[in-house]
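Trainee: Please take me through this model feature by feature. I would like to know how each one is read.

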Amino acid sequence: MSTFTESPIALYDTLLRDGSQMEGIAFSLQDKITVARRLDSIGMHYVEGGFPGSNEKDKQFFERMKSQPLERAKLVAFGGTRKPGADVETDFNIVALREAETPVVTFVGKAIASQVKTVLNTSREENLSMVRESVEYMASIGREVHFDAEHFFDGFKQDPDYTLNVVSTAFRSGAQYLILCDTNGGAMTDEVSNAVQAVREMLPEAKLGIHTHNDCDLAVANSLAAVQAGVTQVQGCLNGYGERCGNANLSSIIPNLQLKMGLRVVEDHQLQEITTASRFIAELANLPLNGLSPYVGASAFAHKAGYHVAAVVKDPAHYQHIEPADVGNDRRVLVSELSGRRNIQVKLEERGHDLPLSPEETTELLGRVKQMESRGFQYEAADASFELLALRSRPDYIAPFELDDFLVIERRRPGTSQAANGGADESLMMAEATTKIRVDDELFHTTADGNGPVNALDRAARKGLELAYPELKAVSLLDYKVRIIDADSGTEAQTRALIESTDGKHTWATVGASPDVIEASWLALADAYEYYLLHREQWREEDGHIAG
């Protein structure tokens, strides 16, 4: 294990415990191990692995980690203080924490007088004894002990003397960090600063931490305010996952600490990995990463307005507060009806095309973009379709295939499906599609069934195209979205289809729009196939070069 050098601020990620309590997240045992290693690699000082006394999976996680410890971060087991009236050495949770054999144990204890009575059903004095005995015991067997003062800020407002007594008891008993928790996420920033200052004045030698929730959308701001007030540990989760509205988002806090407040908390190369780590964990959690997320989101450094792009090209600092590369992200230029000519030129360069467009041709292409968007197309999230639109504007461009015609038929087969709407004998909807696709002078006329009209159309088209281009078998659809654009038009509304495709190594997005959902889907599908056929040789060479 490599030597770890203490940073001014210790980063403590609780994704595998508090974060996994978020609605929709269910990490497997292997997921937890993978996440722990990824958090370790980007510079977390502490990785909280779970609550070994609460479930078998967390218990197995700590057992597995004994033989494969983290490289830099300290693994933390989390649990409650002993129960009221229990013996500390035989208390179930204390035993589970001890047997986890982690270098660090974090206890959570009540720091609010009213909940001692109504939730724990015990006295104030017994709660203090529970804190004291639990911390003393774990420290006596050589563990680094942190104390999460649950509901600290609410308790401080309700009965500050008792709340301060709780954290003082934990400190005097051997806790190396006192973590002040905004458990309900309702504290205002000035309340956080004032309460932290009160603890510092009472216990100037204690090391303090902050744990905030985002119920007022202030978790990041409150965490940074606490740092300014003197805390030296920040708890949170990458991507801000957590119960209700989530925990403090370390994907924002880490860059803010390092790039804005001048506190070096991770190495530069680790900071540059934070975007890929955030996206990796979002993928593992099976949750889409919010594109609007600061620093790591896809839109964090996206520029749409023409005058913005013109200024950014001259000096990115005009409309970017940092260099995207500092956090491993990229600048993106969006093409839309709000674009200027500069957007078109920069976007084509970004896509790797050196098209010699004259000012007149650029203006014409921009007009084409605006015309298509007025019909329902949108290229912000469909870069591949924009690239094809630009290429098709060139007189020398030859498409790899053309659709001559297609026919889709839907029918119902009575009594072949389970009841979908509460009926006893529902019909199963079946679809059949026929396509005529021309490649050079050859016409491929194919038919296929499918689970719905779009699926049938996709299968029929692929059957024909794969006769001419067998390599298309490598392409599959990752995502398919349909949106009604002008809902007020009812069944005559324009429909937009957005498709994300992959060949296993590369991904690209395409768009189609039409009053007919099947045609809109076909336009997006056709762009997906065409884009792959145009890039397959280039990708093969690039992948071969990388492999070599």
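Trainee: Which element supplies the largest share of the nonpolar patch?
Mentor: Strand E14 (residues 476-484) does, with three residues. Helices (H or I, at least four residues) and strands (E, at least two) are DSSP runs, numbered from the N terminus. The model is predicted, so local features need pLDDT of at least 70 and side-chain atom pairs pLDDT 80 or more, while totals for chains, interfaces and linings use all residues. Residues are numbered from 1 along each chain as its sequence is written, and side-chain values use heavy atoms, with hydrogens and water left out.

Trainee: Which residues form the patch, and how much area do they have together?
Mentor: A patch joins residues with over 30% relative accessible area and no salt bridge: like charges within 9 Å, or nonpolar side chains (Val, Leu, Ile, Met, Phe, Trp, Tyr) within 5 Å. A salt bridge is a side-chain nitrogen of Lys or Arg within 4 Å of a carboxyl oxygen of Asp or Glu. Here the members are Leu-477, Tyr-480, Val-482 and Val-517, with about 290 Å² of accessible area together. Accessible areas come from the Shrake-Rupley method with a 1.4 Å probe, and for residues only the protein chains shown count as cover.

Trainee: Why does Val-482 count as partly exposed?
Mentor: Buried means under 20% relative accessible area, exposed over 50%, and partly exposed in between (1.4 Å probe, protein chains only). Val-482, in strand E14, counts as partly exposed because its relative accessibility is 40%.

Trainee: Is Ala-77 buried or exposed?
Mentor: Ala-77, in strand E3 (residues 74-80), is buried, with a relative accessible area of 0%. A contact means heavy atoms within 4.5 Å. Leaving aside residues up to four places away in sequence, Ala-77 touches a set of residues including Gly-50, Pro-52, Phe-62 and Leu-97. Pro-52 is 25 residues from Ala-77 along the chain, yet their C-alpha atoms are separated by 6.9 Å.

Trainee: How should I read the faces of a strand, and which way do the side chains of E1 point?
Mentor: In a regular strand the side chains alternate between the two faces of the sheet. In strand E1 (residues 10-13), Ala-10 and Tyr-12 point one way, Leu-11 and Asp-13 the other, and all are buried.

Trainee: How many bridges join E1 to E8, and how many to E2?
Mentor: Strands pair if DSSP finds at least two bridges between them. E1 and E8 run parallel and share four bridges, with Leu-11 opposite Val-234. E1 is also parallel to strand E2 (residues 46-50), through two bridges, and Tyr-12 stands opposite Tyr-46. E1, helix H1 (residues 29-41) and E2 make a right-handed β-α-β unit. Right-handed means that, with the strands pointing away from the viewer, the path from the first strand over the helix to the second runs clockwise.

Trainee: Where do Asn-239 and Asp-440 lie?
Mentor: Asn-239 is in the loop between strand E8 (233-236) and helix H10 (250-260), and its phi is near 75°, a positive value in a residue other than glycine. Asn-239 counts as buried, at 12% relative accessibility. Asp-440 is in the loop between strands E12 (426-439) and E13 (442-450), with a positive phi of about 55°. At 68% relative accessibility, Asp-440 counts as exposed.

Trainee: Why is helix H16 called largely enclosed?
Mentor: Nine of the 10 residues of H16 (residues 383-392) are buried, so the rest of the structure largely encloses this helix. Among them are Phe-386, Leu-388 and Leu-389.
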